[in-house]
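Subject: A structure for you to look at

Hello,

Here is the structure I promised to pass on. Please open it first, then read my notes beside it.

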Amino acid sequence: MAIGDHQAGEEIAERLEQARSKIEGKFSQAGAVLESTLTVLGRALELLSQLNRVMGARAVEGATQDLVSTSAEFNSLPALLVARNAHLGGLEKARRTLSSHIEEMRDLLKYLLVFAMNLKIAGSGSAAQTYDFSDFAEEMKSRLGQGGADLDEFDARLEDLDHQIRKARAFETHLLEQADRMLPSVPDQLTKDAVAIGQYHRHATKMMSEVSRLAQKIQSQIFNVLSSLQIGDITRQRIEHIQSGLTLLSDARAALMSNGMSDDACDRFDRYIYGLLAHQLHDTAETFSLDTKHMAEMIAEISVDTDQLLRTQLDFSNGAEGGGLRSLESSVAQALELVADLERSAEGASLVHLATTKAVKELETCVDSVKNVKEDVQFMAINTTVRCSRLGDAGKPLEVIAVEVRHYAKKLESTSEATRSSLHALTIAAAQSGGLSDHDNHASARTKLESAVACLRGAANAIENDLTTLTSRGQEVASSLRNAMSKLNFEADLVSVVSDEVNTLMALAGATVTTTEDICEPLGEILNRIASLYTMAKEREVHARFALPANEIEDENRAAA
């Protein structure tokens with residue numbers, strides 16, 4: 001073999017070194033890219049897990065049901081408001097009846113005061129002065145004045161109560177007008193929005209489940225590709241073994257030539273080993289090409305799933321605007337406005353109830369005071385009648401006055417009883433209007449609305465905010481995979497280079513060496529030394545095809561002996 005051919009072997013080793021270095025570098029880069037892709041996927045899966053916790057099906061479903069049930073309650077408001085207004089009307093009517101009784105008592109006290117003055121005048125005669133009717137009339141006047149003061153206080157209390165009732169009824173009227181304006185459109189829209197956002201969350205949950213499935217699939221596929229990257233290490237080792245084989249060949253050839261081996265024997269020795277190394281390199285290139293194509297197919301499959309992942313996210317994000325949350329918040333704001341007015345109305349009704357209850361107790365005291373005035377006046381009238389009978393004809397004018405006093409005192413008694421009955425009716429009316437305040441239900445409606453919206457807002461905001469991040473993660477994965485594919489594209493600069501070296505080695509090997517009897521011993525030694533380099537089963541399979549026949553080795557051993 002010519003010296004140029006030996007130099008070609010060294011050049012092959014150098015070019016293989018360049019190819020081996022590129023393989024090592026590119027596979028290292030691709031591995032780093034895929035590992036970073038796994039990190040991105042891991043973050044995406046963590047984000048999906050957080051979203052699933054925020055969007056717990058039970059929480060969202062419960063919030064939606066609260067909104068629907070609350071909106072249904074709003075539609076029952078008109079009947080409640082009409083009933084409460086009617087009871088406030090009854091309370092106002094009872095108050096008017098009571099006021100009429102007070103006026104009647106006030107008139108009676110005025111009449112009695114006139115009779116007291118007449119009694120004083122009539123009792124100014126000398127015969128009547130014996131019994132001092134003047135002092136008697138003054139005392140009666142004093143008692144009647146106290147009764148009038150009690151009635152004035154009574155009347156003032158009723159005026160305060162009347163003001164509160166009118167205020168409550170005015171607000172009830174306003175509330176009825178507001179209910180007419182907002183019902184049933186507000187609760188109907190609230191129900192519609194609640195159902196829409198419930199559907200949105202179910203769709204979002206389905207989307208996240210699909211994204212999670214694809215992300216986990218891609219994650220598993222990348223693990224497989226990372227496992228396949230060992231072909232780079234395998235190829236690197238096999239190229240190193242071929243380079244070592246070329247070095248062993250160069251050293252063995254030099255030794256054989258120095259020992260006087262013929263040029264023909266050296267040429268056959270070289271070509272035999274070149275043939276082995278050419279087949280090793282050919283099998284290496286072929287296996288590497290097949291494995292890298294398979295790896296490219298796996299990455300292409302990952303790319304398909306990644307594209308599907310991106311489409312799923314983008315299709316959802318294009319229609320994701322809080323899932324109708326903004327519309328829902330508008331509906332809830334109107335509903336809360338209605339609830340706030342209901343709470344004020346209920347509070348007003350409750351205040352009327354408390355004020356009426358307090359007023360009734362105070363008015364009962366006033367009625368008892370007037371009743372005591374009646375009893376005192378009636379007792380004084382009886383005493384006056386007794387005294388007048390002792391005066392004979394001189395006492396008859398006074399006796400007529402005393403009879404009238406007793407008559408009006410009796411009327412005052414019946415009016416007092418009627419007033420007490422009116423107070424009882426006022427108590428019942430107050431209890432009925434107070435019972436319809438429903439303050440707890442309004443507070444419950446507010447709580448349900450606010451907590452439901454808080455739950456749905458949290459879920460929708462999480463989707464709006466995190467969906468962008470998820471989409472960004474998906475785009476990072478797609479970009480990383482494209483980068484990895486470019487790193488693992490060996491056809492142009494690696495596989496073709498190795499194939500060229502295979503052709504060169506094949507050219508150096510030339511025709512198959514058939515005569516090896518005279519070079520069997522050095523061939524056996526170098527073949528054993530090359531075989532000791534192998535770490536792969538495929539290398540041993542190729543090497544087995546170049547094993548020397550056993551009979552040749554035995555013949556050579558006998559000749560040496």
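**What I found**

At 47% relative accessibility, D264 counts as partly exposed. Buried here means under 20% relative accessible area, exposed means over 50%, and partly exposed lies in between (1.4 Å probe, protein chains only).

A word on the source. This is a predicted model, in which local features need pLDDT of at least 70, side-chain atom pairs count only at pLDDT 80 or more, and totals for chains, interfaces and linings use all residues. Residues are numbered from 1 along each chain as its sequence is written, and side-chain values use heavy atoms, with hydrogens and water left out.

**Salt bridges**

D264 has a partner. It forms a salt bridge with R268, and the closest N and O atoms are 3.0 Å apart. A salt bridge is a side-chain nitrogen of Lys or Arg within 4 Å of a carboxyl oxygen of Asp or Glu. R268 is buried, at 10% relative accessibility. Both residues, R268 and D264, sit in helix α7, four residues apart, or about one turn of the helix. Helices (H or I, at least four residues) and strands (E, at least two) are DSSP runs, numbered from the N terminus.

Why does that spacing matter? An α-helix has 3.6 residues a turn, so residues three or four places apart point the same way.

The whole structure holds 14 salt bridges. Here are two others:

- R213 and E210 form a salt bridge, with the closest N and O atoms 2.8 Å apart. They are three residues apart in helix α5 (residues 185-228), so about one helical turn separates them. R213 is partly exposed at 43%, and E210 is partly exposed at 26%.
- D233 and R236 meet in a salt bridge at 2.4 Å, N to O. Both lie in helix α6, three residues apart, about one turn of the helix. D233 is partly exposed, with a relative accessible area of 35%. R236 is buried at 17%.

D233 and R236 also belong to a network of salt bridges. E17, R20, E24 and E240 are linked in that network too.

**The whole chain**

How many helices and strands does the protein chain have? It has 14 helices and zero strands. The chain has 561 residues, and buried residues make up 46% of them. Take the contacts with a separation of 6 or more: residues 24 or more positions apart account for 94% of them. Contact means heavy atoms within 4.5 Å. The accessible surface comes to about 26700 Å², and 51% of it belongs to carbon and sulfur atoms. Accessible areas come from the Shrake-Rupley method with a 1.4 Å probe; for residues, only the protein chains shown count as cover.

**Aromatic pairs**

The structure holds two aromatic pairs. Rings of Phe, Tyr and Trp (its six-membered ring) pair if their centres lie within 6.5 Å; planes under 30 degrees apart count as stacked, over 60 as edge-to-face and the rest as tilted.

F27 and F288 form a tilted pair, 6.0 Å centre to centre, with 50° between the planes. F27 lies in helix α1 (residues 3-54) and F288 in helix α7 (residues 263-318), so the pair ties together parts 261 residues apart in sequence. F27 is buried at 7%, and F288 is buried at 5%.

Y272 and F546 have ring centres 5.9 Å apart and planes at 90°, so this pair is edge-to-face. Y272 lies in helix α7 and F546 in the loop between α13 (537-544) and α14 (550-560), so the pair ties together parts 274 residues apart in sequence. Y272 is buried at 11%, and F546 at 13%.

**Two buried residues**

R238 lies in helix α6 (residues 230-258). It is buried, with a relative accessible area of 3%. Leaving aside neighbours within four places in sequence, R238 is in contact with residues including D283, E539 and V542.

H101 lies in helix α3 (residues 77-122). H101 is buried too, at 15% relative accessibility. Its C-alpha atom is 7.8 Å from that of S416, 315 residues apart along the chain. Beyond neighbours within four places in sequence, H101 is in contact with T415, A418, T419 and S422.

Best wishes
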